[in-house]
Amino acid sequence: MKTRAAVAFEAKAPLEIVELDLEGPQEGEVLIELKATGICHTDAYTLDGLDSEGLFPVVLGHEGAGIVREVGAGVTSLAPDDHVIPLYMPECGTCKECTSGKTNLCSAIRATQGKGLMPGGSSRMSYRGETIYHYMGCSTFSNFIVVPEIAAAKMREDAPFDTSCYIGCGVTTGVGAVVNTAKVEPGASVVVFGLGGIGLNVIQGAKMAGAGRIVGVDLNPDRQEWGRRFGMTDFVNPKDVGDVTQHLVDMLDGGADYSFECIGNVDVMRQALECCHRGWGTSVIIGVAPAGAEISTRPFQLVTGRNWRGTAFGGAKGRTDVPRIVDWYMDGKIEIDPMITHRLSLEEINKGFDMMHAGESIRSVVIY
Ligand code: NAD
Ligand code: AHE
Ligand code: ZN
């Protein structure tokens, strides 16, 4: 069949809207008609050539929601007309990681996923006979996609696609980092570096967990109002203070109980660790840093009891946790609607990237 898609033919070039050839679902796979997709900073990072796994030509996008249209042989847990969120973090339920009870990092299809291919080792997408790579096992910048059954989470049918798609990455990552990874407790102090599509969800997760002080740090002054809207109690613009780390340590009587880096900047990752309280403070890295970048600190920071952690997809197990997060949204426990600042057609997708870089959007969503 044919599908309309925004293709990244090369790094740093605008996406081009073309009609691709798409092969149908094979055994254990499903065909999904996407209804909406968000644009996450990780898509921009790969498009900018900063991803060590980046491949071109590729259909980017990993934050979608849609409807199952066809299932391949042997598919038992999904059927046509099911509403689903594609998962870049699948959940097979049987691999070493899924059964460990210690991580959400399912390993069933990670090797081929990182090579832009389906589990059998081939791509389902092509353009004029040339292979087009899949991205993060999702490629939601295509109207139709094929994904493995284990990489789609069923969602309730009354949840709107144009907001629920954000649960496919940003919402789950931010809220999950707080509740699954850090396990922030009531009254704890929290510092959030970077108040974009992820950081604002960390803030609302911290508020939901009953955190006390929630300090936001961002270079964009407009983000102060955004942070306060979701529960931030204090705002720090690094441009207004000398030493950000010392400023936060003084502000929080020795430092933060928890900090979250939601930017992808290794210098800020160091500040996020070092603003944590001696003896127990935990810093969680969420931001994805450019290929080749490395983090550093004095080992003394760890010797004296600070903890450095990281999280992917907020520690959430896709097929188990995503439907619950959709329920949290539908029950008003978390907010999504105000963060969707722009709705675009597929033809306007490059505008979404421009607005992200200019700091004008929180989340742009493409509606098919
Ligand atoms: P975004 O562009 O919406 O937000 C980034 C924010 O950081 C902006 O508000 C920007 O003003 C601010 N910022 C930039 N440089 C700064 C600095 N030096 N100091 C303070 N603030 C600064 O991006 P996003 O979609 O929220 O993504 C954030 C990061 O999280 C990216 O690196 C993305 O790749 C990563 N991410 C990781 C996961 C994961 O599972 N670990 C999931 C999603 C996104
Ligand atoms: N491909 C990069 C790593 C990118 C990365 O860390 N991705 C996050 C999700 S970002 C979503 O917006 C993730 O889930 N990582 C775990 C994994 O298995 O990819 C690189 O450095 O090669
Ligand atoms: Zn993302």
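This is a predicted model: local features need pLDDT of at least 70, side-chain atom pairs count only at pLDDT 80 or more; totals for chains, interfaces and linings use all residues.
I started with contacts: among those in the protein between residues at least 6 apart in sequence, 71% join residues at least 24 apart.

**Overall fold**

I counted secondary structure next, and the protein comes to 11 helices and 17 strands. The radius of gyration is 20 Å, close to the 21 Å that the globule rule gives for 368 residues, so the protein is as compact as a globular protein of that length. I also boxed the C-alpha atoms along the principal axes and got roughly 60 × 40 × 40 Å. Buried residues make up 50% of the 368 in the protein.

**Strand β17**

Which strands pair with β17? I found β3 (residues 29–38) joined to β17 by 3 bridges, running antiparallel. On that side Ala36 stands opposite Ile367. I then found β16 (residues 340–344) joined to β17 by 4 bridges, this time parallel. Here the pair I noted is Ile340 opposite Arg363. Tracing the chain, I see that β16, helix α11 (residues 349–358) and β17 make a right-handed β-α-β unit. I checked burial too: 4 of the 5 residues of β17 (residues 363–367) are buried, so the strand is largely enclosed by the rest of the structure.

**Glu33, on β3**

I stayed on β3 to look at Glu33, which lies in that strand.

**Ligand 1**

I listed 32 residues around ligand 1, and His41, Gly194, Gly196, Ile198 and Gly264 come nearest. Which element gives the largest share of this shell? Helix α1 (residues 41–47) does, with 3 residues. By class I have 17 nonpolar, 13 polar and 2 charged residues around ligand 1.

**Ligand 2**

Around ligand 2 I wrote down Cys40, Thr42, Asp51, Ser52, Glu53, Met89, Arg110, Cys169, Val288, Ala312 and Phe313. Sorted by class, the ligand 2 shell has 6 nonpolar, 2 polar and 3 charged residues.

A cis peptide bond joins Phe56 and Pro57, with omega at about -5 degrees. I place Pro57 in the loop between α1 and β4 (64–71).

Which way does the phi of Asp81 go, positive or negative? I read a positive phi of about 85 degrees, although Asp81 is not a glycine. Asp81 lies in the loop between β4 and β5 (83–86), and I have it as exposed, with 9 other C-beta atoms within 10 Å.

Lys183 also went on my list: it is not a glycine, yet it has a positive phi of about 55 degrees. I find Lys183 in the loop between α4 (170–182) and β10 (190–193). Lys183 has 12 other C-beta atoms within 10 Å and is exposed, given that the exposed class takes in 12 or fewer.

Terms used:
Residues are numbered from 1 along each chain as its sequence is written. Chains are lettered from A and ligands numbered from 1 in the order in which they are written. A residue is near a molecule or strand if its C-beta atom, placed from the backbone, lies within 6 Å of it. Ala, Val, Leu, Ile, Met, Phe, Trp, Tyr, Cys and Pro count as nonpolar, Asp, Glu, Lys and Arg as charged, and the others, Gly among them, as polar. Helices (H or I, at least four residues) and strands (E, at least two) are DSSP runs, numbered from the N terminus. The radius of gyration is taken over C-alpha atoms; the globule rule is 2.2 Å times the number of residues to the power 0.38. A residue is buried if 20 or more other C-beta atoms lie within 10 Å of its own, exposed if 12 or fewer, and partly exposed in between; C-beta atoms are placed from the backbone. Two residues are in contact if their C-beta atoms, placed from the backbone, lie within 7 Å. Two strands pair if DSSP finds at least two bridges between them. A crossover is right-handed if, with the strands pointing away from the viewer, the path from the first strand over the helix to the second runs clockwise.
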